[in-house]
Each structure stands twice: as C-alpha cells, then as structure tokens.
Amino acid sequence: MKEQLSVKQHERNEKKKKKLAALANLMELNDRDRLHEAEMAKKRDAVEVNEDAEKAGGAGAAPVAEEEDDGFVMVSNKRKQRNRLTIRSNPEQEAEGALEGEDSLDEPKSKRSRNDEAGGDRLPVDGLCALSEDQYKTLSAELRRRKRLLEDVPGLRLREMGQRASLDTPQHARTPIFLTDIQHLLMSALIGQKSPCRPDRWCSVEKWLSLSHSVVVILEGLSLYHYLSNESQFEATNRIFNTKLEMLLPPPQDEGQILDEIAQIPLTNVQAKQLIDEHGSLESAVELNKDPTLFVKTIFPIESSTPESLDTELHPDDKFPRTKLLLSALQMVDEGYPIPLQGELHSRFRSFKFTKKSYAPVTNRSPMYGVDCEMCRTVSGMNELTRISIVDEEYRTVYETLVMPDNRITDYLTQYSGITEDIMKKVTKQLKDVQKEVSALLPADAILVGQSLNSDLNAMRMMHPYVIDTSVCFNISGVRRRKSKLKHLAQTFLKETIQENEDGHDSIEDSLATLKLVKMKLANSIEFGDEILAQHKRLQELANACSGDTISNNLFAHVAKRDKRTAIVTVGDLQPRLKDVILRAGEAAPKDQSKAVRVHEVATSKEAVRKVNEIALENALTIANLPVPEQDFLLESAERSAAKLDRLIERLWNTVAHNGLFLVLMGGSAECTKGVAKIAIKRLNGSEQTSAPIGS
C-alpha cells in the first residue's frame with residue numbers, strides 16, 4: 001500500500017511540474033507579446049510622425065497607394081492556428097508520449113475534444129520538457145513572486161461623493177470635492193492606514209503601502225473653465241487620466257494658497273514627529289493647524305480680511321483658539337448642514353436664507369451664541385419649527401419665541417418638544433418673521449453653538465458659516481460616527497441633569513448646556529471631551545515611554561523605511577510662510593538630511609519639469625508648483641497654451657514609476673474659482689491603474 005501511495009505521489013509531483021512548465025511557457029509568450037505590442041506601438045507612432053511630416057512637406061507630393069476598402073471585414077470560421085512559438089520537447093519524447101496512448105492523459109476524451117474544437121494554443125502536457133527538482137523550485141518561487149506583484153497593485157475607487165464630483169456627472173448634479181480631500185489622500189499615501197485623515201468620504205485606495213511614490217503637479221491659474229473650453233487640446237492628459245473631478249479651491253486672492261494647504265500635511269516623518277512632540281498626537285496637531293474657514297470663505301458672502309480680523313489674541317477665557325472648533329465646509333457637508341454649494345445641495349437649499357446678508361471674518365474673540373429649536377410634525381411629512389431659543393456667552397436668553405408652521409401640525413411630538421395644542425393656539429408669528437429677527441440680532445461674526453445644529457438650521461431654513469457642533473467636538477464613545485447625546489454629555493462633564501421634564505425638552509436648557517460644554521472645552525484642551533483624540537495622545541505617550549525618546553514611535557516605523565525625503569519644485573520664490581514651516585521642520589533633526597524637505601526654486605516651467613524628472617524617484621513625495629499666466633489663456637493663445645501644458649503633463653507622467661501616484665491639480669483663476677483634480681496610479685506597462693467605482 002505504501003509503495004502504491006508513493007507512486008501516486010510521484011505522479012502528482014510530475015503533473016505539477018508539467019503544469020508549471022506550461023505556465024512558464026505561457027508567461028514567456030505573454031512577455032513576448034507585450035514586447036511585440038510595445039514595438040508595434042512605437043512603429044505606429046513613427047509612421048504617424050512621418051506622415052505628418054510628408055503632409056507638411058508639400059501638397060504636390062504624390063499620394064501613397066492604398067488598398068481598396070469596400071467597407072466589409074473578412075471573417076473566417078477556420079479554427080485558430082496554434083502558436084508557433086510554443087516550446088516543445090525533443091522528437092524522442094514526443095514519440096514516447098504518443099505510444100502511451102490516450103489512457104495516460106488526465107483529461108477525459110470529451111473534454112479534450114471540446115478544447116481542440118475551440119482552437120487556441122492547447123499544449124499537450126506530455127509534450128513539454130521535464131523539469132528537474134531545482135528548476136521546479138526556481139519556477140515555483142518565480143510564480144509566487146509574480147503573484148505577489150499582481151496582488152500588491154494599488155488601486156483607487158470613487159465612492160458616492162467622488163462620483164458626484166466627477167466631470168462625467170452633469171453640471172447641475174455635480175458636487176465638487178474640497179482641496180482638503182486631496183490633502184487627506186496624500187496624507188494617507190504617505191502614512192498609510194494609520195493616517196489621522198483618510199479620504200474615505202469620497203474614495204477608497206487599496207494597497208496603500210504598495211504606492212512607490214507620489215508626484216503632485218499644481219497648475220495655479222488654470223481653472224475648470226479653461227480646461228473644459230480647451231479639452232480637445234489635452235489629448236495626452238485625457239488619455240492618462242480616467243479620474244477627473246471638480247474641486248473647490250481657496251479664495252483666489254490668496255496667492256500660493258493651494259501649495260500652502262497641501263503643505264499642511266506632515267511632509268516627512270520628521271515633521272510628523274515634531275508635531276507629535278508639540279501637540280501630543282498627530283490627530284491633535286491636525287485639528288490645531290487646520291483653518292476651518294478656508295473654504296467657507298469661498299462658499300458664503302464673507303468680507304475680505306482686515307488687520308483687526310487677523311488678530312490672533314485668544315479670548316481671556318480660552319486656552320486655545322475657539323476658531324479651531326468651527327466646522328469646516330467639508331464637515332458641514334458631511335453632517336448635513338444647509339450650505340450653498342452647487343449640485344444637489346444647491347437644489348435642496350435653494351429656498352434657505354442667510355443669517356446675514358454678508359459676514360465679517362471670524363476671530364478668536366468672536367461672540368458665541370447657544371441655539372436650540374423644537375419642532376412638530378406637519379402634513380408635509382417634515383418637522384417644522386415651533387420654538388427657538390438663543391442664549392449668549394453670559395448665559396442670558398437673548399431670543400425666545402414660538403412659531404406657527406406654514407403647514408398644519410399633525411403631531412406635536414410633545415414628549416420631545418414640550419409643545420402642546422393649547423400652547424400653539426394664540427401663536428401668530430411665522431417663520432419669515434423669525435428669520436428677519438434672528439438676522440437683526442446676530443452680529444456679522446457670530447459663532448452659533450448647538451448639539452447637532454444642522455437639524456436646528458434646517459428647521460429655521462437658514463444658513464450660517466460659523467458653527468460649533470458639540471456632537472462633533474465631544475465624543476465619549478471612542479467611535480467618530482457614534483454621537484453622544486446631549487443629556488449624557490451634560491451629566492458626564494457638567495454634572496447636570498437635563499431633559500428630565502415629563503412635559504418635554506426645554507430649548508433654553510439645551511442651548512445653555514451646549515454653550516457651557518464648549519466653554520469648558522476651550523478652558524482645557526483640544527482633546528478634552530474627545531475620547532478619540534485622548535486615546536491617540538495616550539498611545540503616543542506610551543510609545544514614547546517605551547522607546548525612551550520622542551522621536552522613535554510605532555506610528556511612523558513603516559514610514560521611515562521609505563520616506564527618503566520630500567521635494568518641492570516651484571517656479572519663482574517660495575512663499576515666506578511656507579519657508580518658515582519647512583525651516584522649523586529641518587531644525588527638528590538637522591543631522592538627518594535624508595529626511596529633510598528639499599526646496600528647488602527655478603526660473604521657468606521647463607526647468608521645473610527637468611528638475612522633477614531628475615528627483616522624482618528619489619522622493620516619497622514631489623510637489624511641482626507651476627503658475628499659468630493669465631495671458632496664456634486669452635482667446636488668441638488659449639489652444640496653443642493648452643497643447644503646451646498637455647505635453648508638459650505627459651513628460652511628468654513619464655517620470656512616474658510603477659505603482660506611483662500622479663495628481664494634477666488645476667488651480668482656479670480670478671474669473672473662475674473652480675478647479676480640476678486629476679488622479680492616476682501607474683501600472684507596470686505605463687498605463688493608468690483603473691478600478692470600477694464602489695457600488696457600481
């Protein structure tokens with residue numbers, strides 16, 4: 001029995017070897033086909049260039065004779081011929097295989113006949129060369145290596161918000177992504193799964209660590225309008241990129257703002273470690289270094305900054321800037337706040353009013369107002385405003401009124417709202433009256449504070465740019481999407497019991513509680529009341545204690561292996577504020593020059609492209625900032641300038657390595673603040689990595 005089992009094992013091993021030999025043969029044929037296709041493509045390009053040259057040489061040249069085309073395609077029902085490049089064994093082995101007969105083959109006769117009838121390159125297993133044990137092991141290792149390469153290919157997929165921003169989406173339904181979204185993508189590309197800011201809102205990137213490097217090209221001054229008007233001239237660009245998204249940009253008067261925003265991410269692990277040392281964790285550093293009002297200024301009617309608005313002095317009761325608790329435009333979209341953004345949001349909030357006709361820039365001394373509303377269900381099927389309360393920082397009630405909804409009430413929701421039929425009998429004030437009174441009451445830089453304030457503003461049918469939401473800046477669950485109730489927050493931090501009245505909630509009580517919570521947080525730290533930020537800080541302190549210093553830590557252990565350096569290539573001088581950021585980062589580890597941020601200031605775009613070609617493969621991140629002069633896209637020169645930029649983008653694409661991330665950000669101009677983000681991941685054969693959108 002043992003001898004028979006051993007024979008079977010031997011037969012199985014031989015079959016494995018034969019299959020591996022067949023796979024090796026196919027791999028060789030695929031490699032040859034790939035090389036052949038590349039050579040044919042080069043020949044076709046050369047022929048096209050020659051034809052263009054002949055056409056330009058003179059119209060009098062005799063035309064080249066071509067075969068007649070009658071509009072039909074020849075079709076044959078003949079079986080496909082076998083590939084003549086198939087490697088066979090010697091004739092003696094073939095003869096031996098033929099003598100063994102069909103019974104020695106593993107496949108049933110019916111299956112073999114079907115394969116033969118289908119044509120193709122069917123390889124008789126007994127006709128292949130036998131492999132030695134060493135050849136078998138070597139081939140197995142090579143196949144495993146190739147399989148890993150195929151499995152470790154990074155890919156980018158658009159989620160629903162990303163698909164909405166796609167230029168393939170009709171303009172009326174298109175909602176742009178933010179520059180912050182691109183920042184999150186780059187941060188995750190550098191740091192990986194442990195990045196504190198991830199682009200999950202709009203895309204999903206697979207195999208982060210397989211990205212070889214990232215190249216970002218900023219074309220400042222080239223807007224969405226310029227691109228769409230001259231799209232036919234961007235032939236190479238359109239061939240390279242399948243992912244083209246509309247992007248919301250900072251106000252155009254802030255020169256170099258795109259590069260500044262991108263540079264807010266930790267450009268190297270040295271900078272990241274320095275931020276951790278300064279703020280306790282990278283997550284806290286991101287919260288404290290962001291400017292929440294950056295894109296709000298683009299969306300809302302906010303006046304230009306004045307010297308007074310640039311005052312960074314803290315409120316006497318605060319330990320950190322209160323503006324750092326404001327929701328960004330991106331967060332407002334995510335949380336369902338009414339916001340005048342184009343696309344589906346514009347249609348939804350078309351009838352909403354601004355709380356002010358124009359707003360003043362918010363500062364660290366801007367006043368805060370607690371707001372809470374109560375709603376009842378009406379025949380429209382929606383909850384409509386029936387009561388509103390506003391309190392100031394001194395905890396005084398500055399506005400309190402009942403409101404008669406426009407539609408008939410069907411459910412008073414008394415257990416929550418405290419509103420009854422008797423209370424509403426004599427109410428005559430309407431929503432439009434409340435909107436006028438609230439607008440007159442609030443100062444132009446007022447900060448509204450509330451728990452899930454999006455519900456209150458939707459009930460008020462009003463939009464406001466400066467909002468602090470206690471359901472966002474407080475979190476006791478440790479999960480960002482799992483919001484804590486105001487009642488639990490008040491009990492945990494204020495040691496107060498609220499919402500215990502059997503007759504329903506008291507809107508003044510709720511608005512006071514939210515204001516007290518925010519003032520308590522401002523009197524402590526950015527991590528206070530946020531279990532997620534607190535956990536990251538505790539983990540960082542533990543890692544530092546285990547390593548014995550503040551430089552070595554687990555969070556960036558894998559980044560250090562591949563984060564050689566970051567390079568910024570800019571035409572002209574770099575902005576002083578950005579130079580200062582980079583200088584301070586370099587001082588953190590002056591001896592570690594390999595991880596410094598290198599800045600290359602050049603005179604022209606051509607020099608910038610040449611420099612990127614030289615250094616792109618040496619850096620984990622290379623950023624090229626190339627200004628596009630306004631006169632380049634005047635009517636008479638627009639097409640020529642677009643074609644020139646197209647060639648520039650193609651040259652930069654050719655410098656990107658296999659599995660490299662390539663981003664082109666077309667920045668807004670004075671006429672159009674909308675921009676374009678183009679994203680591609682390079683495959684081994686030089687084409688873009690594409691994936692089907694999630695959910696499609």
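Let's start at a strand pairing: Ile390 has Tyr399 in β9 as its bridge partner. The two strands involved, β8 (residues 383-391) and β9 (residues 397-402), pair in the antiparallel sense over five bridges; strands count as paired if DSSP finds at least two bridges between them. Together β8 and β9 form a hairpin with five residues between them, and Tyr395 in the turn has a positive phi of about 65 degrees. This is a predicted model, in which local features need pLDDT of at least 70 and side-chain atom pairs count only at pLDDT 80 or more, while totals for chains, interfaces and linings use all residues. Residues are numbered from 1 along each chain as its sequence is written, and side-chain values use heavy atoms, with hydrogens and water left out.

Stepping back for the overall view, the protein's secondary structure comes to 26 helices and 18 strands. Both kinds of element are DSSP runs numbered from the N terminus, with helices being H or I of at least four residues and strands E of at least two. Of the 696 residues in the protein, 46% are buried; buried means under 20% relative accessible area, exposed over 50%, and partly exposed in between, using a 1.4 Å probe and protein chains only. Among contacts with a separation of 6 or more, 75% are between residues 24 or more positions apart, where contact means heavy atoms within 4.5 Å.

With a relative accessible area of 2%, Thr378 is buried. Setting aside neighbours within four places in sequence, Thr378 is in contact with Glu384, Pro405, Asn407, Arg408, Ile409 and Thr410. Leu413 is not a glycine, yet has a positive phi of about 50 degrees. Most residues other than glycine have a negative phi. Leu413 counts as buried because its relative accessibility is 16%.

Now to a second residue with a positive phi. Lys495 shows a value of about 55 degrees, although it is not a glycine, and Lys495 sits in the loop between α20 (486-494) and α21 (507-522). At 64% relative accessibility, Lys495 counts as exposed. In helix α20 we find Gln491, which counts as partly exposed at 40% relative accessibility. Not counting residues up to four places away in sequence, Gln491 touches Glu496 and Thr497.

On the α20 side, Leu486, Leu489, Phe493 and Leu494 meet Asp510, Ala513, Thr514, Lys516, Leu517 and Met520 in α21.

Our last stop is an open sheet of eight strands with mixed pairing, in the order β2-β5-β18-β17-β4-β16-β14-β15. Its edge strands, each pairing on one side only, are β2 (177-178) and β15 (597-602). Within the sheet, strand β14 (residues 566-571) runs parallel to strand β16 (residues 621-627), and five bridges join them. One of the residues to look for is Val569, whose bridge partner in β16 is Ala624. Helix α25 packs on the sheet, touching β4 (214-220), β14, β15 and β16, and its direction makes about 165 degrees with that of β14. Helix α26 packs on the sheet too, touching β4, β16, β17 (661-666) and β18 (674-681), with its direction at about 160 degrees to that of β17.

These two helices also pack against each other: α25 (residues 605-615) and α26 (residues 638-655) lie at an angle of about 15 degrees, with their axes 9 Å apart. That makes α25 roughly parallel to α26. The contact is made by Ser605, Val609, Val612 and Asn613 of α25 and by Leu648, Arg651, Leu652 and Thr655 of α26.

Definitions and conventions: Axes fitted to C-alpha atoms, helices over the stretch in contact; angles between N-to-C directions. Parallel < 35°, antiparallel > 145°, perpendicular 65-115°, else oblique.
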